[in-house]
Amino acid sequence: MKILFIGDIVGRIGCEHLRRILPDFKRRHNVGLVIANGENSADRNGITPETAEHIFTSGVNVITTGNHAFRQSSCNYYYEECPYIIRPANFPEPSYGKGFCIVDMISAQVCVINLLGNVFMNQYGSPFELVDKLIDENSGCPIKIIDFHAEATAEKKAFAYYCDGRVSAVLGTHTHVPTADAQILPNKTAYITDVGMTGAVDSVLGVKKEQSIAWLTGKSLSARFDPADGTCQMDCVLMDIDAKTGRAVSVEQFLIR
Ligand SMILES: [Fe+2]
Ligand SMILES: [Fe+2]
């Protein structure tokens, strides 16, 4: 089964780029399922029901999120009502929504799991402990894809080796910078440290560079970051997963300008 995973969509401009690129990409590569991280799809961070609907109607089947999942309170009810938008499973309970979902495909069920790293981030529950429980609970699902939303490269790689052979893929998100290490680990789990982002190229992680520089140099104390504009990129990885065994057969990175 061909599964596409798209890196953090940033702002309205990222949403529009997704809609321009995705339908044709899906046709050309015979993609069966699309997962995208939407935690920054609303202008000035977070996700709203409107940006989520835009992402779904552009051809995405499952939306994952991250540390900005609940930045916009207008989305709280949407996490409860829509089964295909998930937030990190290690957020403190009770939180709106769920940390994983299951998609029924013709050839297999696919379990999508969202987890937050602990290093250099707000420390919620250990993703290592929680993933054991989630793998156990979803043992009937042959294909398991994890969006591991984390800052530290070492934590991402260690977590992927911890899961190797027990899940189909561990895909890093959050830094918005794509890494050049898409690979299949020894026990057939697909891995990349960071998928990257979908948003403006001439930017700092998708936001206006002037605002980022002003904040980092202390010239502005406002942490207001608007999405940048101009040419966009869509960073993604395309995986071929064996529907019977859940093992990764191939993983390929695409950086689409
Ligand atoms: Fe992000
Ligand atoms: Fe994030």
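User: How are helices and strands defined, and how many of each does the protein chain have?

Analyst: Helices (H or I, at least four residues) and strands (E, at least two) are DSSP runs, numbered from the N terminus. This is a predicted model, in which local features need pLDDT of at least 70, side-chain atom pairs count only at pLDDT 80 or more, and totals for chains, interfaces and linings use all residues. Residues are numbered from 1 along each chain as its sequence is written, and chains are lettered from A and ligands numbered from 1 in the order in which they are written. By these criteria the protein chain has six helices and 13 strands.

User: Which residues of α4 are buried, and which are exposed on the other side?

Analyst: A residue is buried if 20 or more other C-beta atoms, placed from the backbone, lie within 10 Å of its own, exposed if 12 or fewer, and partly exposed in between. In helix α4 (residues 127-137), Pro127, Val131 and Leu134 are buried. Because they cover an arc of only 65° around the axis (taken from the directions from the helix axis to the C-beta atoms), they lie on the same side of α4. Exposed on the other side of α4 are Glu129, Lys133, Asp136 and Glu137.

User: Why do the buried residues of α5 line one face of the helix?

Analyst: In α5, the buried residues are Glu155, Lys156, Phe159, Ala160 and Cys163. They line one face of the helix because, seen down its axis, they fall within an arc of 130°.

User: What covers the buried residues of α5?

Analyst: The cover includes β7 (143-149), β8 (169-173), β10 (190-192) and α4.

Key
Contact = placed C-beta atoms within 7 Å.
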